[in-house]
Amino acid sequence: MKFMKKYKYLLSLLVLSFLVATCMTIEEIIHPDDAQVDSDINITVKIKLVAETDGSSKLAFGILMPKAWNVSEHATVTLTTEAGFAGNTVTNEPMTLMSATDTNPSDGKSWPASFQSRFGVLGNTGPVEWVVFKSATTFQIDDNIEVQKP
């Protein structure tokens with residue numbers, strides 16, 4: 001996933017989660033060592049998912065950021081996946097901001113409220129907010145599908 005943002009700060013407040021029935025491991029976060037003011041930066045987050053239950057779901061990607069950054073207006077988030085079986089592979093798919101009416105099916109709360117309830121602000125100070133994006137693709141999650149090697 002790529003996150004592009006126009007701010008001078010390194011994204012030390014970057015926090016994310018995938019709230020679907022999976023086991024998630026963040027394998028790597030790649031970001032510039034020195035971001036410049038008013039410039040775009042690319043951040044890549046590599047996540048490994050292992051299905052725990054079957055079903056279908058869109059990917060939810062939450063970012064905890066200072067409210068003043070207005071991430072919902074200034075960020076572009078894209079999704080690229082590598083899947084071991086057909087149907088779950090996308091390349092540079094634009095993710096869209098969750099609407100106010102989108103709710104997390106596991107707790108019935110709006111996605112930002114769900115992230116806030118589950119993770120809080122993780123020790124950060126100042127006015128921060130969870131901004132949550134979703135994939136366009138609905139992924140098929142099946143822990144019984146054998147991974148196909150290319």
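Trainee: Among the contacts in the protein chain with a separation of 6 or more, what share comes from residues 24 or more positions apart?

Mentor: Good place to start. This is a predicted model, and in it residues 24 or more positions apart supply 71% of those contacts.

Trainee: Which secondary structure elements make up the chain, and in what pattern?

Mentor: Count the elements, then read them in order. Here there are two helices and eight strands, and along the sequence they run β-β-β-β-α-β-β-β-α-β.

Trainee: How much of the chain is buried?

Mentor: Of the 150 residues, 37% are buried. As for the surface, the chain exposes about 8,800 Å², with carbon and sulfur atoms supplying 51% of it.

Trainee: Let's take one residue. Where is V90, and is V90 buried or exposed?

Mentor: Burial is read from relative accessible area, and buried means under 20%. V90 sits in the loop between strand 5 (76-79) and strand 6 (93-94). Its relative accessible area is 10%, so V90 is buried.

Trainee: Which residues is V90 in contact with, leaving aside neighbours within four places in sequence?

Mentor: They are L79, T80, T81, T137 and F139.

Trainee: How many salt bridges does the structure hold?

Mentor: Two. One joins the side chains of K46 and E28, at 3.7 Å from N to O. K46 lies in strand 3 (residues 40-51) and E28 in strand 2 (residues 22-30), so this pair ties together parts 18 residues apart in sequence. Both ends are partly exposed: K46 has 41% relative accessibility, and E28 has 36%.

Trainee: And which side chains meet in a salt bridge of 3.1 Å?

Mentor: Those of D102 and K134. D102 is in the loop between strand 7 (96-97) and helix 2 (111-119), while K134 is in strand 8, so the pair ties together parts 32 residues apart in sequence. Check the accessibility at each end here too: D102 counts as buried at 18%, whereas K134 is partly exposed at 21%.

Key. Residues are numbered from 1 along each chain as its sequence is written. This is a predicted model: local features need pLDDT of at least 70, side-chain atom pairs count only at pLDDT 80 or more; totals for chains, interfaces and linings use all residues. Side-chain values use heavy atoms; hydrogens and water are left out. Helices (H or I, at least four residues) and strands (E, at least two) are DSSP runs, numbered from the N terminus. Buried means under 20% relative accessible area, exposed over 50%, partly exposed in between (1.4 Å probe, protein chains only). Contact means heavy atoms within 4.5 Å. Accessible areas come from the Shrake-Rupley method with a 1.4 Å probe; for residues, only the protein chains shown count as cover. A salt bridge is a side-chain nitrogen of Lys or Arg within 4 Å of a carboxyl oxygen of Asp or Glu.
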